[in-house]
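Please open the model in your viewer and keep the selection tool at hand. The tour below goes from stop to stop, saying at each one what to select and what to look for.

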Amino acid sequence: MPGSDFPNVIAIDLGAESCRVSLLRWSEDKPHIELVHRFGNSPITVGASVHWNLQHILNELDNGLMRCAERCAEPIASIGVDGWAVDYVRVDRQLSALSDPYCYRDSRTEETFAEMEGRCASVELFLRNGVQPLRINTLYQLMADKKAGVPDPVPWANLPEYVLARFGGRLVAEYTNATHTGLVDLRKHAWNKEAFDLAGLSIDAAPELVATGTDLGMFRDGLGESTALSQTRLIAVACHDTASAVAAIPIEGDDWAYLSSGTWSLLGTLLEAPIMTSEAGAAGFTNLGAAGNRICFHKNLNGMWLLKQTMLQLCPEPDMWPMAELVAAAEAVEAPERLLDVDDPPLLLSGSMASRINAQRARLGTSQLEEHTSAMPQFASLIFHSLANRYAETLRDLEALTGQRLKRLAIVGGGSLNQFLNRLTSEVTGLDIFCGVAESATIGNFAVQLASLEGKPNSPARIAHWARTLTSLHHC
């Protein structure tokens with residue numbers, strides 16, 4: 001490992017609501033992680049289209065990097081970037097962005113999703129690529145580009161990898177992030193030429209597919225004469241934030257599952273090979289890349305989105321129910337007689353969530369909850385009990401599909417702080433519950449970088465070692 005056994009490194013975590021630049025330093029061989037810069041991020045509407053403000057993101061990242069450099073007397077060894085999947089940037093030959101990237105919430109893929117369904121039914125597509133067909137996937141976005149007249153040969157890169165290229169690295173697609181495109185052959189760890197042909201897309205426009213932990217070259221962003229950034233490497237960590245979060249879980253064996261708990265709940269387990277059966281597809285599971293050339297086999301469920309959207313409707317002032325007080329109040333109310341179907345399509349939409357919940361209760365013949373701030377504990381209790389029950393159902397499906405006998409559940413992400421929900425999950429699943437940190441993607445980002453710097457870039461054992469060094473799981 002260059003310079004020191006314990007080098008300074010920077011982790012950038014791009015989020016659809018906020019982005020973070022964090023710095024790892026060491027004192028007496030002990031890690032110290034600082035959130036140096038955090039900034040808001042949200043889509044912008046341009047005419048009828050929804051985009052990301054790319055220049056805003058890049059400017060704020062430069063700001064964060066300079067703040068990191070100012071804090072370091074010693075060199076910064078490397079930078080890694082993770083973020084949300086599926087969205088990408090079209091670039092010219094100089095790797096400059098041709099326009100602001102589209103946001104996955106843009107409706108332009110409704111037409112191309114239906115078009116692809118006509119060519120290849122969703123169930124058949126899952127059997128070919130192992131990924132749940134969702135209209136937000138990169139495949140459908142690239143098809144929409146083509147319908148809009150974007151020439152086939154124009155190169156593209158998913159957002160975290162584009163940021164690394166903008167910093168001076170070569171243009172690539174990192175394995176974990178690339179699997180979200182729907183264009184990867186999971187068994188061969190290569191682009192799936194058949195998928196490109198089905199979609200009518202040029203495989204020549206796709207970037208080089210690289211393994212997690214690949215060194216992409218030297219940082220050369222032109223931020224000035226910063227000594228700290230003069231010898232900094234650029235590393236393609238597990239560029240998908242969920243893969244980074246899972247990489248932060250230092251558990252071995254095959255008797256555990258993970259729950260990445262935040263706006264959405266991603267519940268699954270790590271596998272050595274994908275499960276690409278009609279049963280897995282029908283059950284809503286997907287196969288996505290994980291660090292160490294493994295597979296994140298999980299299902300995407302509703303999560304804290306339900307609570308956040310309910311609070312937006314019922315709490316006009318943001319501090320009317322501080323989260324810790326709301327969770328405590330929810331624990332004190334009587335358990336609900338009937339639970340929600342948390343994945344009911346209307347509950348996946350934004351706005352009027354309390355009313356949507358009551359509409360479902362009315363369909364089920366259950367009494368209405370008062371749509372008032374004072375009823376937030378009742379809504380929260382209903383949501384938490386319903387989520388825990390959904391987790392138990394999904395874990396039973398997971399065991400049936402994988403043949404595993406699960407004993408442990410590791411919870412990471414912001415939801416890991418909700419001790420009431422954790423207790424309910426433990427009670428209804430019967431599993432031993434462990435909690436990681438809220439910002440687990442940052443920990444996984446650091447762990448992959450440190451493994452790469454010591455010359456073992458995609459070693460599950462070394463990534464787990466560094467994850468253990470940086471944090472620890474504890475009983476919830």
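Begin by selecting strand S2 (residues 18–27) and strand S3 (residues 30–40), which run antiparallel and are joined by ten bridges; strands are DSSP runs of E with at least two residues, helices are runs of H or I with at least four, and both are numbered from the N terminus, while two strands pair if DSSP finds at least two bridges between them. This is a predicted model, in which local features need pLDDT of at least 70 and side-chain atom pairs count only at pLDDT 80 or more, whereas totals for chains, interfaces and linings use all residues. Residues are numbered from 1 along each chain as its sequence is written, and side-chain values use heavy atoms, with hydrogens and water left out.

Within this pair, select Val21, which stands opposite His37 in S3. Then move to the hairpin of S2 and S3, where two residues lie between the strands and Glu28 takes a positive phi near 55 degrees. Most residues other than glycine have a negative phi.

For another positive value, select Asn293, whose phi is near 60 degrees, in the loop between strand S17 (285–290) and strand S18 (294–302). Asn293 has 37% relative accessibility and therefore counts as partly exposed, a class lying between buried, under 20% relative accessible area, and exposed, over 50% (1.4 Å probe, protein chains only).

Next, select the largest nonpolar core, which has 53 residues, with Leu307 and Phe384 having the most contacts inside it; such a core is a set of buried Ala, Val, Leu, Ile, Met, Phe, Trp, Tyr and Cys residues joined through side-chain atoms within 4.5 Å. Its largest share, eleven residues, comes from helix H13 (residues 376–402). Which residues does Leu307 touch, not counting residues up to four places away in sequence? Leu307 touches Met323, Leu326, Met376, Ala380, Ile383 and Phe384, where contact means heavy atoms within 4.5 Å.
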